[in-house]
Amino acid sequence: MGIIIDNDAMRVKYESIITQEYFVDKSNIINKFNKLINHDNSKYVCITKPRRFGKTSIAAMLVTYYSKGIDSKKIFDNFKVSKGLSSDETKKQLEIKQYEEYHGKYYTLYFDFSYNVDKFESLNEYLASINDKLKYDIKNTFPNYSVLEDFGSIINDNLLILSSKIKEKFIVIIDEWDYIIANNKFSSEEQRKYLSFLKDLIKDQPYNAFVYMTGILPIAKQLSQSTLNCFTEYSILEDDKYYQYFGFTGKEVKELCKINPKLKYKEICNWYNGYKAYNGDPIFNTWSVISALQYSSIKSYWTDTGRVDEIFQMINFDIDGIKKEIIKLIKGNEISINLEKYGTNELLNEETNNTNNENNDAMKEDIYSKMVTFGYLTYYKGKLSIPNNELKERFIKALKKRKDMKFYYDLITNSRKMLKMTLKKNTEEMCKILEEEHLNIIKPGDKMDHGNLKRIIEHVYFIANITHDIKEEEGNEKGNSDIFFYPKMGNRKNGTIFIVELKLNKSAEIAIKQIHEKVYYYNLKDKKYSGKVLLIGINCETATKKYTCKIEEYNVDQIIKKTEKKRKSKPAPDSNDIKKKLRSSKKGK
């Protein structure tokens, strides 16, 4: 076992992964890869996904399984891969046969092109260090081939010589292939030289039995047509074959939640769900889910581990309409847009593109494509959205960094407090927030009418758009309440409904009384909610700009019973009264 050949560190890594409490067996991907070995048209696989979706974990598994120098029989004989993947019995038996045939058959070559890069001043120095490690491994792994002068300074030539001497092919595993392109350590000329090095290492080399390459950035269109056109690529936008092995599926997360009953699947969904496979299946960020379960705490984990400047860069672009669209995304809405994958060539040319007067829509598409590639946005069926609460928090923090967007940051911060105080039924704090927002929105000389009062409510409950569907003027034949806040579909059982009635120069008590008299909650019985209901009366004294609030709390069953009582207690119309009304109406005519 060595540094590049049959990498021992990857074995140690994989053995630590499989002993974790929240381990998920993803070994069936090996059954799929085994079918590609030594097939020229399909033996090159490139997987590009955002950070913390388990790409390196799969790499560690492949090194551990395929390496001649690693005894892993006890590990994999207990995993799914050893049982076959297919439902068809004939195919399953072939998979089991291949599992046994390829297990520990190859020398693996593991290259992590992010490791120690920053220690070198030039690309040539960095590649020379890799070649030195390779020659060190050759010397120790194959002591009978002691004539190292046959091995020169070119890595792929050395591998060609080694393969010829030992009459063996290799499984090549490349991790973080795009790091040298993305981190801007080396010049553009050196970055392009690195791509040529990759081509020479991989393409059409007879020593490759199978190549697994992974990173964040997809291969650029130009590269896929020439330099690295040997790869079949599976990106965050396009993957119908391996998507279930990168990230956790909904079924896997449900099983993990059984291990830690302190956290409910629904809570995990709200924070870490939102990515979608090609067929709409939910995909969860593995790092965040495992961290939440380990610490029994729902908060942001993933965004602290990778690059976070992409969001800020996106907001920094003064492209027409993009700021409004970001606020729309933060509110939980979707944007319709046609995206293509963002790749290496786009990143290499980014500096040039930023200085040109490029088409506004094209620039916007590039930015959003980049955000999808890095995992900050998700894209499905032509719709763009922020995947989950974990990333919404990062977007909100990014607003604070721009002076022209700080208004929205303050708006979100204040509305978050208002939502919290409402749920706590702290009417005193609610009034303070309303009075403060009143001064921010209503300018001297503005007429304080019902419409402006609604504007204030819209501001103070801005963040509620994430958790609730907000409907204005909804009720029944008796009349409409000003605003209804319905918990979003995934939260109908435990969410809290708000029914808000607004008054000017009257009282909060009168507002609550009107909700009851007109039975605004009548239709809740048909909407299949089962959480709490808050009846909220808000009154503004226009002369003093002071507010009063009143809240009554019920559960949905209680409010439905009140509705039924009111309906039963209502006297049936008397036929004589009806006749009198008809006569009266005729006289009126």
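In which sense, left-handed or right-handed, does α20 pass α21? The crossing of α20 and α21 is left-handed. The structure is a predicted model.

**Largest pocket**

- The volume of the largest pocket is about 1400 Å³.
- Its lining consists of 43 residues, and those closest to the pocket centre are Asn 270, Asn 389, Ile 466, Thr 467 and Lys 488.
- Several elements give two or more residues to this lining: the helices α12 (265–272), α19 (389–399), α20 (406–423) and α23 (464–467), together with the strands β7, β10 (378–380) and β11 (383–385).
- The element that gives the most to the lining of the largest pocket is α12, with five residues.
- Sorted by class, the lining of the largest pocket holds 17 nonpolar, 16 polar and ten charged residues.

**Second largest pocket**

- The second largest pocket holds about 800 Å³ of space.
- It is lined by 29 residues, of which Lys 13, Arg 52, Gly 54, Ser 57 and Thr 286 are the closest to its centre.
- Two or more residues of this lining come from each of α1 (8–18), α3 (55–66) and α13 (286–295).
- The lining of the second largest pocket has twelve nonpolar, ten polar and seven charged residues.

**Sheet of β6, β8 and β7**

- Strands of a sheet pair through backbone hydrogen bonds, in either a parallel or an antiparallel way.
- Here three strands make an open sheet with antiparallel pairing, in the order β6-β8-β7.
- β6 (248–249) and β7 (275–276) are at the edges with a single partner strand each, so one side of each has no neighbour in the sheet.
- Two bridges join β7 to β8 (residues 282–284), and the pairing is antiparallel.
- Across this pair, Lys 276 is opposite Pro 282 in β8.

**Sheet of β9, β11 and β10**

- Another open sheet has three strands in the order β9-β11-β10, and they too pair in the antiparallel sense.
- β9 (335–336) and β10 are its edge strands, each of which pairs on one side only.
- Three bridges link β10 and β11 in antiparallel pairing.
- Thr 378 has Ser 385, in β11, as its bridge partner.

- Strands β15 (residues 532–541) and β16 (residues 546–555) run antiparallel and are joined by ten bridges.
- Within this pairing, Leu 534 has Glu 553 in β16 as its bridge partner.
- Four residues lie between the two strands of the hairpin, and Lys 545 takes a positive phi near 60°.

**Helix pairs**

- A pair of packed helices is described by the angle between the axes and by the distance between them.
- The axes of α6 (residues 123–141) and α7 (residues 155–166) come within 10 Å and cross at roughly 15°.
- Angles under 35 degrees count as roughly parallel, and therefore α6 is roughly parallel to α7.
- α6 passes α7 in a left-handed crossing.
- For α20 and α21 (residues 427–441), the axes come within 9 Å and cross at roughly 155°.
- Angles over 145 degrees count as roughly antiparallel, and therefore α20 is roughly antiparallel to α21.

Notes: Residues are numbered from 1 along each chain as its sequence is written. This is a predicted model: local features need pLDDT of at least 70, side-chain atom pairs count only at pLDDT 80 or more; totals for chains, interfaces and linings use all residues. Side-chain values use heavy atoms; hydrogens and water are left out. Two strands pair if DSSP finds at least two bridges between them. On a 1 Å grid over the protein atoms alone, a cavity is a set of points where a 1.4 Å probe fits but cannot get out, and a pocket is an open set with protein on both sides within 12 Å along at least five of seven lines; lining residues have an atom within 4 Å of a point. Grid points are joined across faces, edges and corners, and a volume is the space filled by probe spheres set on the points. Ala, Val, Leu, Ile, Met, Phe, Trp, Tyr, Cys and Pro count as nonpolar, Asp, Glu, Lys and Arg as charged, and the others, Gly among them, as polar. Axes are lines fitted to C-alpha atoms, for helices over the stretch in contact, and angles run from 0 to 180 degrees between N-to-C directions. Angles under 35 degrees count as roughly parallel, over 145 as roughly antiparallel, 65 to 115 as roughly perpendicular and the rest as oblique. A crossing is left-handed if the near helix is turned anticlockwise from the far one by less than a right angle, and right-handed if clockwise.
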